[in-house]
Amino acid sequence: MLELKNIKLSYGSTQVLNGVDLSVKRGDVVSIIGPSGTGKTTLLKCINSLARPSSGTIAFDDVRMDYQKLDRTAIQAIRLRTAMVFQQFNVFKNMTVLQNVMDPLVVVQRKSKEEARRIALEELDRVGLSNKIDSYPSQLSGGQLQRTGIARALAVKPDVMLFDEPTSSLDPELVGEVLKVIRDVTSSGITSLLVTHEMQFARNISNRIVFMDRGVVAADGSPAEIFEASSNPRLTQFLTTEHSIQ
Amino acid sequence: MDLSIMIPELLSALPLTLAITFTAMIAGFLLALVTTTFRVRRIPVVSQFADFYVSYARSVPVVLQLFVAFYGLPLVVALLDVEDFVSPNVAAMVGLSLYHGGYLSEVLRPAYLAVERGQHDAADSLGYSFLQKLVRVVGPQAVHIALPGYGNAIIYLIHNVALVMYIGAADVMATAHLVMERDYNQYQFETYLVLAVIYSLLCLVAWSIVRFFEKRNARFAPNTARAKATVMPSV
Ligand SMILES: Nc1ncnc2c1ncn2[C@@H]1O[C@H](COP(=O)(O)OP(=O)(O)O)[C@@H](O)[C@H]1O
Ligand SMILES: [Mg+2]
């Protein structure tokens, strides 16, 4: 359903993405792992055009786009079918939890207030925030902020969820509550791309693991292939380092 | 000298002072919005023009800006081939709107830029248009950040309205001079003192309104709220 081909992107003189190919099938839960600074976040941002590659193509179901041409219709179409969960949460600071989840439904999807509210309450219940709907972001913990971010993403009923290190900015004791929600989301069958350093978690929830290294996909396979049968020395080294950190 | 006569005389010109202030406040604000939008979106040519306008409004003494408006406006009006009389009051409104708009843009622009990149990313990723993002997310946060600076801008505007007498507008300041001259300049100190009180009250009202909005929005601005709460008493 989603196919990225030969994505190249550089910031100034540093080449960040060096010809990335990635294809995702409906229902896939793909975890993207790899050292910091290899372009994992950037790759996710290319999908919804928060970052703009210098070349490459994307096919999202029937929407096709060549990044060399600015195609606002295609960009918007893809943005409407994906939803992103950010490392820094990026919950709208001027809105309550409920407003955060409702606003895109009312403003972008032009749903009625009542319907938006109904959907928002449903998703907030799903992430366990029913008792915080009128709180402002400044009054919430990191875990609650991230669950708000997840509810906001789910509420737009995306075809693909994009998670960018959703637990990396959390205090260790708050990681569990967010992982639990993500596990619940991915097991519901929604296609997901997850950038993470939680190796055990990635292994448990994914049917595919992509190892990114220095701006390219360096390994791609089932969790067993990646974690046990890898012959890629960079991957082995990365896994050893990650393992010793955890 | 009879204050009960002098004060009403001065206050009779207050409506004009207020009219000029409010016009400049509203027109200046709209002008600042447009100018700031051009500047942050870096639209070629238009944004350079906006930058130039802002540096004019910020660097040329306000009294000079008023003269420029007073003598320049008739030329513009003549070009447009309409009514060729420009009253001092209109020139004052136009001059101060331009001044205030440019000044305010220098308050709004940094406030806009201070809104975190992530707030833009979230709105963009959800499909908000630039305008929707501005109205729903970035604008309210930028306005909150801008409020203290906005309070200052309003106070400077009120102060600068006192300069319109130089181009012949009959505001409270100009009226005060008429009153003083009529009284053979016997009561200058008293008159200026009354003027000072009038301007102080105007600024106090403006300041209170800005404060009200600052407090009302404090809950979604943890940084400012916290910064204020943790200010250490100076020893
Ligand atoms: N907006 C930006 N401007 C300049 N450089 C950037 C920007 N965003 C990311 N980079 C650089 O691109 C590289 C890849 O970043 P990123 O995609 O965040 O990596 P990862 O998510 O894998 O840690 C890093 O070297 C980073 O410093
Ligand atoms: Mg990253």
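Chain A and chain B bury about 2100 Å² between them, and carbon and sulfur atoms account for 53% of that area. On the chain A side, A:Phe92, A:Lys93 and A:Asn94 lose the most area to chain B, together making up 30% of what that side buries. Please keep in mind that this is a predicted model.

**Where chain A meets chain B**

- The contact draws 24 residues from chain A and 20 residues from chain B.
- Polar contacts across this interface link 12 residue pairs, with both partners at pLDDT 80 or more.
- Three elements of chain A, namely helix H2 (72–81), strand E6 (82–85) and helix H3 (97–107), each supply at least two residues of the side that touches chain B.
- Sorted by class, that side of chain A has 12 nonpolar residues, along with six polar and six charged ones.
- Three salt bridges are found across the interface of chain A and chain B.
- The side chains of A:Lys45 and B:Asp121 meet in a salt bridge, with an N to O distance of 3.2 Å.

**Around ligand 1**

- Which residues are around ligand 1? They are A:Tyr11, A:Val16, A:Pro35, A:Ser36, A:Gly37, A:Thr38, A:Gly39, A:Lys40, A:Thr41 and A:Thr42.
- By class, this shell has six polar residues, three nonpolar residues and one charged residue.
- Helix H1 (residues 40–47) of chain A gives the largest share of the shell, three residues.
- In the side chain of A:Thr42, an N or O atom lies 2.4 Å from an oxygen atom of ligand 1.
- The backbone takes part at A:Lys40, where an N or O atom is 2.8 Å from an oxygen atom of ligand 1.
- A polar backbone atom of A:Thr38 is likewise 3.3 Å from an oxygen atom of ligand 1.
- How much of ligand 1 does the protein bury? Taken alone, ligand 1 exposes 560 Å², and the protein buries 55% of that.

**Chain B as a whole**

- The secondary structure of chain B comes to 10 helices and zero strands.
- Following the sequence of chain B gives the pattern α-α-α-α-α-α-α-α-α-α.
- The C-alpha trace of chain B spans about 70 × 60 × 25 Å along its principal axes.

**Salt bridges across the structure**

- Over all chains, the structure holds 26 salt bridges.
- As a general point, side chains of opposite charge can pair when their charged atoms come close.
- In chain A, the side chains of A:Glu122 and A:Arg118 meet in a salt bridge, 3.3 Å from N to O.
- Because A:Glu122 and A:Arg118 are four residues apart in helix H4 (residues 113–126) of chain A, about one helical turn separates them.

Definitions and conventions:
Residues numbered from 1 in each chain as written. Chains lettered and ligands numbered in written order. Heavy atoms only, no water. Near = heavy atom within 4 Å. Polar contact = N/O pair within 3.5 Å; in protein donor to acceptor, adjacent residues only side chain to side chain. Areas by Shrake-Rupley, 256 points an atom, 1.4 Å probe, with all protein chains shown as cover. Nonpolar A, V, L, I, M, F, W, Y, C, P; charged D, E, K, R; others polar. Contact = heavy atoms within 4.5 Å. Buried area = accessible area lost by both parts, 1.4 Å probe. Salt bridge = Lys/Arg side-chain N within 4 Å of Asp/Glu carboxyl O.
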